[in-house]
Amino acid sequence: MKFWVAPLAVLAINLLLGGCGDLGLHRRRASPNGIALGGQDREQPALSGQGEWLASVVERNGRQTLMMQAQPSGIEVPLQSLRRFQPHDSPSLSWNGRYVALVGQERGRRRVLILDRASGRLMPLQLPRDLQPEQLSLAPDGRRLALAGISRGRRLVQVFDLANLIEPDLPRGLAIGSMANPTLP
Amino acid sequence: MMKGSGKRQGLRLGLLAGGLGALTSLNGCMGTVPQPVFPLDRRLEELGPSRAPSLVGPWLALISNRGGRDQVVLLNLEDQRPVPLPGLNRPDAQPLSVGVEAKGERLAVVRQLEGRTELLLYRRRLMSSQIITMNPQGVPRRVMLRADGRELAVEVSRDGHWQVDLIELP
């Protein structure tokens with residue numbers, strides 16, 4: 001009898017999950033929505049680790065610009081120091097939205113930037129010369145950065161260690177030094 | 001005698017300070033230098049051409065091309081080995097975007113399959129995929145799973161515009 005119970009339970013759960021689709025999921029359009037943005041496009045969303053912040057890319061004055069908003073209010077926080085690095089691409093946020101990583105552009109060259117919103121410090125990263133950055137993902141604690149790009153005609157993903165460059169942004173209530181086994185909410 | 005020695009020492013200190021200052025300025029112009037994580041990079045190279053990374057805690061999800069076919073790969077950075085994802089990578093599907101949560105249990109994937117583009121939530125332990133339909137109707141392109149696993153941010157093409165949908169997960 002016991003032989004039947006476990007596989008049947010897994011099958012039942014699979015059927016329930018697969019068959020019932022996503023009924024009951026709560027959805028919302030990120031505010032302000034497309035209409036409030038004047039019918040503009042909004043792309044490349046990135047949420048902070050616990051959802052208090054949403055970064056996305058919108059077009060402003062003809063340039064792709066990172067928009068940083070508190071959630072769920074949609075209140076926008078200006079990021080003046082990033083202006084000169086437009087167009088912006090591929091934003092990524094740390095746990096509490098302290099760090100904003102993105103691909104920007106300076107004098108026609110694509111650059112990876114990390115903004116520390118706590119101190120206002122903007123860090124352009126010096127990457128290998130032959131690596132053309134395209135897309136990135138900042139680890140929520142800010143200690144590592146995964147970067148997708150093209151190097152010598154080949155698409156690749158590389159991971160960089162930032163632990164010596166920035167202090168960690170930890171989930172709320174988690175002390176520095178306890179990240180070895182983080183307990184998630 | 002004492003005066004001359006003091007001057008030399010002052011000169012040395014001045015040169016040292018100047019040198020440090022020049023180095024700092026140079027670093028400021030060139031940018032901060034991050035270090036690649038070795039030997040992870042070698043491991044990533046072995047995966048073949050890769051894109052669309054999602055790095056959360058000890059997990060790195062990405063799309064890599066092996067034998068001419070794109071597939072979702074989940075690496076545990078502690079042992080730098082791919083984790084099995086049974087049932088996720090279908091030979092007739094083309095993954096476009098992937099996101100992983102900090103626990104590494106759930107992955108969100110946008111893929112093209114049989115001429116349509118769909119968003120799905122994959123659970124590793126159950127080896128199951130749940131299709132999440134766009135409502136109102138739209139075509140997903142990019143997905144991001146919040147690190148705590150409680151919400152999806154989806155880039156959706158709808159009514160001729162790109163929009164962002166936020167979908168809470170149970």
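Of the 170 residues in chain B, 39% count as buried, a residue being buried if 20 or more other C-beta atoms, placed from the backbone, lie within 10 Å of its own. The model is predicted: local features need pLDDT of at least 70, side-chain atom pairs count only at pLDDT 80 or more, and totals for chains, interfaces and linings use all residues. Residues are numbered from 1 along each chain as its sequence is written, and chains are lettered from A in the order in which they are written.

Chain B has two helices and 12 strands. Helices (H or I, at least four residues) and strands (E, at least two) are DSSP runs, numbered from the N terminus. Along the sequence, the pattern of chain B is α-β-α-β-β-β-β-β-β-β-β-β-β-β. Among contacts in chain B with a separation of 6 or more, 34% join residues 24 or more positions apart. Two residues are in contact if their C-beta atoms, placed from the backbone, lie within 7 Å.

Chain A gives 54 residues to the contact and chain B gives 50 residues. Strand 12 of chain A supplies the largest share of the chain A side, eight residues. By class, that side of chain A holds 27 nonpolar, 16 polar and 11 charged residues. Here Ala, Val, Leu, Ile, Met, Phe, Trp, Tyr, Cys and Pro count as nonpolar, Asp, Glu, Lys and Arg as charged, and the others, Gly among them, as polar.

Strand pairing also links the chains. Strand 1 of chain A pairs with strand 12 (residues 161–168) of chain B, antiparallel, over three bridges. Two strands pair if DSSP finds at least two bridges between them. Arg27(A) stands opposite Ile167(B), in strand 12 of chain B.

Terms used
Buried ≥ 20, exposed ≤ 12 C-beta atoms within 10 Å, placed from the backbone.
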